[in-house]
Protein chains: 2
Amino acid sequence: MPAEPPLIWTLPPPPPRQRALGRDEIVAAAIALADEGAAVTMKSVAARLGPYTSMALYRYVHSREGLSDLMLDTAVAEVPVPAAPSGDWRADLRALAFDTRRMLGRHPWCALLAHTRPPAGPHLMRRLEFMLAVLTGRGATLPDAMTYAALIDRHVLGSGVQEAEEARHEPTGEAFTEALASVRDLAAADPAVPLLTAWLTNPAGPPRDAQFDLGLGFLLDGIESRLPAR
Amino acid sequence: MPAEPPLIWTLPPPPPRQRALGRDEIVAAAIALADEGAAVTMKSVAARLGPYTSMALYRYVHSREGLSDLMLDTAVAEVPVPAAPSGDWRADLRALAFDTRRMLGRHPWCALLAHTRPPAGPHLMRRLEFMLAVLTGRGATLPDAMTYAALIDRHVLGSGVQEAEEARHEPTGEAFTEALASVRDLAAADPAVPLLTAWLTNPAGPPRDAQFDLGLGFLLDGIESRLPAR
DNA sequence: AACTCAAACTATATGCGATAAACTCAAGCC
DNA sequence: GGCTTGAGTTTATCGCATATAGTTTGAGTT
């Protein structure tokens, strides 16, 4: 027998509708979810904002892809970009690289996204503009500056993606140790990969930041060698 | 009224069933689809193999993720890996990097996949082992060798992802030109990004291969400077 | 020649995710 | 008071992965 629908009088009064979502709140909610490692779906974002449905978001962000692009640019906005080069091109680029890296640490999902989306957001553009200004200010041609900037960002984003991947698996020592062990066993079973096996048995190496700085230094050295003499 | 089911006699005789799928055929079909830029779904892969359903694949590849991992390792298997270092560490690493780059050119989907999946396949392992052998053979410690190898792969994969992204949009001059124009207009509308606007108006620069080689050279130079003296 | 059985597929159903189209509902306006 | 408009909701598809349960088939057995 179908249950009698409850009388309206027994039900709580409807909550006051909170109207007027906005792009900013939506993007902030999506970023918060992504930072927590939760899946970002239209539904989960809407739910986080209150008693909304996924369809409510479309008015503001147009599509899922639009939301992704907004998330990316909003995260990049956290990277401090000086108004003008300081005069020390190397320090400028290094600081920007590290600041970006720190942002990627706060928003690990960002690295992959940056790889997949065109760099068309306003904050992405201003960040790139600064790199170009620093390099051309030191004498590079515009095409060369673009090449160098791409090189550096490759390093920054590549590190970001890799570390995000690693972090995604590490937190729980349980499954992680097991996964590592299974890869190690796989390697150990193949006599063709002794060095890899040795490393997996005792994975050592400089800390991440040092590795990052090392590679960045290599790139900056290379760029410096091709800049016009002072 | 529900249509009368047709009598079996009016239907064509069943086609002879081709049995025995196999992991290799499945992975090859998936790679072929991906190379063509088509979506790789269980269904599309099965259909490409004949009159199969998506479920037929699960026996062989376990899951969608399993299929991805097999695709990745199979593609990496195309990269020729010498049995042993030649004695010229720099030439060895450079050749491996360029061979990998060529493979990524044939399989553009591979770069992103390599970024997202653990490098546990047998061919991925052997490729890495070779890099480690080259670097330790020249005097690097194992942890350092791992750091350097990661640096190089970051560059190789990063270039691969970027060029794959670019290629995905270029083929059709129609929409691409339009998209480029809209980004340029966006930049032009922001007075804060004159250099970027200038570049977008006239995107120039060395050819891709030269840019790749430039960055690779920077990294190899840097590595060289930290290798023990001969 | 009929029978059995496991391997190889198919059918069916569930659930998630994105999104189009149509609908509702409250304010403000004439 | 009826009309418009903005802001969400409902409903309905569609694509995709995949669990579970069936079905077919062909190689061997008796």
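B:His62 sits in the loop that links helix 3 (58-61) to helix 4 (64-76) of chain B; helices (H or I, at least four residues) and strands (E, at least two) are taken as DSSP runs and numbered from the N terminus. Although B:His62 is not a glycine, its phi is positive, at about 70 degrees. The model is a predicted one, in which local features need pLDDT of at least 70, side-chain atom pairs count only at pLDDT 80 or more, and totals for chains, interfaces and linings use all residues. Residues are numbered from 1 along each chain as its sequence is written, while chains are lettered from A and ligands numbered from 1 in the order in which they are written.

**Chain A and confidence**

Chain A contains 11 helices and 0 strands, and its pattern along the sequence reads α-α-α-α-α-α-α-α-α-α-α. Of its 230 residues, 34% count as buried, where buried means 20 or more other C-beta atoms within 10 Å of the residue's own, exposed means 12 or fewer, and partly exposed lies in between, with C-beta atoms placed from the backbone. Two residues are in contact if their C-beta atoms, placed from the backbone, lie within 7 Å. Among contacts in chain A with a separation of 6 or more, 64% join residues 24 or more positions apart.

Over residues 1-5 of chain A, pLDDT stays under 50, and the model has 0 contacts beyond four places in sequence for them.

**Symmetry and the interface between the chains**

Chain B is superposed on chain A by a rotation of 180 degrees with 0.0 Å of shift along the axis, at an RMSD of 0.0 Å. This relation is that of a two-fold axis. Superposition is by least squares on the C-alpha atoms of residues with pLDDT of at least 70 in both copies.

At the interface, 45 residues of chain B are in contact with 45 residues of chain A. On the chain B side, at least two residues each come from helix 6 (109-116), helix 7 (122-137), helix 8 (142-169), helix 9 (173-188), helix 10 (194-201) and helix 11 (208-226). Helix 8 of chain B gives the most to this side, with 12 residues. By residue class, the side of chain B that touches chain A holds 27 nonpolar, 12 polar and 6 charged residues; Ala, Val, Leu, Ile, Met, Phe, Trp, Tyr, Cys and Pro count as nonpolar, Asp, Glu, Lys and Arg as charged, and the others, Gly among them, as polar. The copies meet through the same surface, because 100% of the interface residues of chain B are also interface residues in chain A.

The largest nonpolar core has 116 residues, and A:Ala30, A:Leu132, B:Ala30 and B:Leu132 have the most contacts inside it. Such a core is a set of buried Ala, Val, Leu, Ile, Met, Phe, Trp, Tyr and Cys residues joined through C-beta atoms within 7 Å. Leaving aside residues up to four places away in sequence, A:Leu132 touches A:Leu142, A:Ala145, A:Met146 and A:Ala149, as well as B:Leu195 and B:Leu196.

**Surfaces near the DNA strands**

A residue is near a strand if its C-beta atom, placed from the backbone, lies within 6 Å of it. DNA strand C is surrounded by 16 residues, of which A:Thr41, A:Arg64, B:Thr53, B:Met55 and B:Ala56 are the closest. This surface divides into 9 nonpolar, 4 polar and 3 charged residues.

Around DNA strand D there are 19 residues, with A:Thr53, A:Met55, A:Ala56, B:Thr41 and B:Arg64 coming nearest. The surface near DNA strand D divides into 10 nonpolar, 4 polar and 5 charged residues. Helix 3 of chain A, and helix 2 (42-49) and helix 4 of chain B, each supply at least two residues of it.

**Individual residues**

| Residue | C-beta neighbours within 10 Å |
|---|---|
| A:His62 | 13 neighbours |
| B:His62 | 13 neighbours |
| B:Arg208 | 14 neighbours |

A:His62 has a positive phi of about 70 degrees without being a glycine, and is located in the loop between helix 3 (55-61) and helix 4 (64-76) of chain A. A:Thr41 occupies the loop between helix 1 (23-35) and helix 2 (42-49) of chain A. From A:Thr41 to A:Ser86, 45 residues apart in sequence, the C-alpha to C-alpha distance is 42 Å. B:Arg208 belongs to helix 11 of chain B; its C-alpha atom is separated by 8.9 Å from that of B:Ser159, 49 residues apart along the chain.

Key
pLDDT is the predictor's confidence in each residue, from 0 to 100.
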